[in-house]
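Please open the structure in your viewer and keep the selection panel at hand. The stops below move from a sheet to the pockets and then to the chain as a whole.

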Amino acid sequence: TPWLEGSPLNTPFDDDGIVLSPLQIIRDGAVVAFHGSTQYASYLGFIPSGTMGNILVGGGSKSESELRAEPYLEAAVFSDFSMDLQTGNFGGEIRLANLFDGKETVPVTGGSVTGNLMELHETILLSGELETVEGYRGPKLARVSGASIAG
């Protein structure tokens, strides 16, 4: 979306001069549109929609308290996190996290998390509660099951 309340990334047009309009890219888990600059749209043969810095993601079906009811590791700070957009492989070095064992929450440091988004996407649960942070408005909490955790 070109406009998101409070976002420093709001703009009526992109660097190529394309007038920006809200564009739904995913509906019911399926890609329904592509977006991108004039350059990439011409490469891929679709109508350019422009480059937008804001993203709006709908809320999920679980409450934050439901997502926190079972044991989890919640990463608060990564020293590095990267994802390969072609393969879906991701990995990150955990600097600070909170570990909930079902009864107590304790801070932990060190370790890593790795996985593949293509393989794990069906395990992702999103909270219905939303938050706004700079150019993002979407679920406050997401839970991914099945990623590998070491450390």
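**First stop: the sheet**

Select β9 and β10, which run antiparallel and are joined by four bridges; helices (H or I, at least four residues) and strands (E, at least two) are DSSP runs, numbered from the N terminus. This is a predicted model, in which local features need pLDDT of at least 70 and side-chain atom pairs count only at pLDDT 80 or more, while totals for chains, interfaces and linings use all residues. Residues are numbered from 1 along each chain as its sequence is written, and side-chain values use heavy atoms, with hydrogens and water left out.

Within this pair, pick threonine 132, whose bridge partner in β10 is arginine 137.

**Second stop: the largest pocket**

The largest pocket has a volume of about 1,200 Å³. On a 1 Å grid over the protein atoms alone, a pocket is an open set of points where a 1.4 Å probe fits, with protein on both sides within 12 Å along at least five of seven lines, and lining residues have an atom within 4 Å of a point. Grid points are joined across faces, edges and corners, and a volume is the space filled by probe spheres set on the points.

Select Ile25, Ile26, Ile55, Leu56 and Val57, the closest to the pocket's centre among its 28 lining residues. Elements giving two or more residues to this lining are β1 (26–27), β3 (55–56), α3 (117–120) and β10 (136–139). Coloured by class, the lining divides into 17 nonpolar, nine polar and two charged residues, with Ala, Val, Leu, Ile, Met, Phe, Trp, Tyr, Cys and Pro counted as nonpolar, Asp, Glu, Lys and Arg as charged, and the others, Gly among them, as polar.

**Last stop: the whole chain**

Zoom out to three helices and 12 strands, on a C-alpha trace that spans about 55 × 30 × 30 Å along its principal axes.

Terms used. Pairing = 2+ DSSP bridges.
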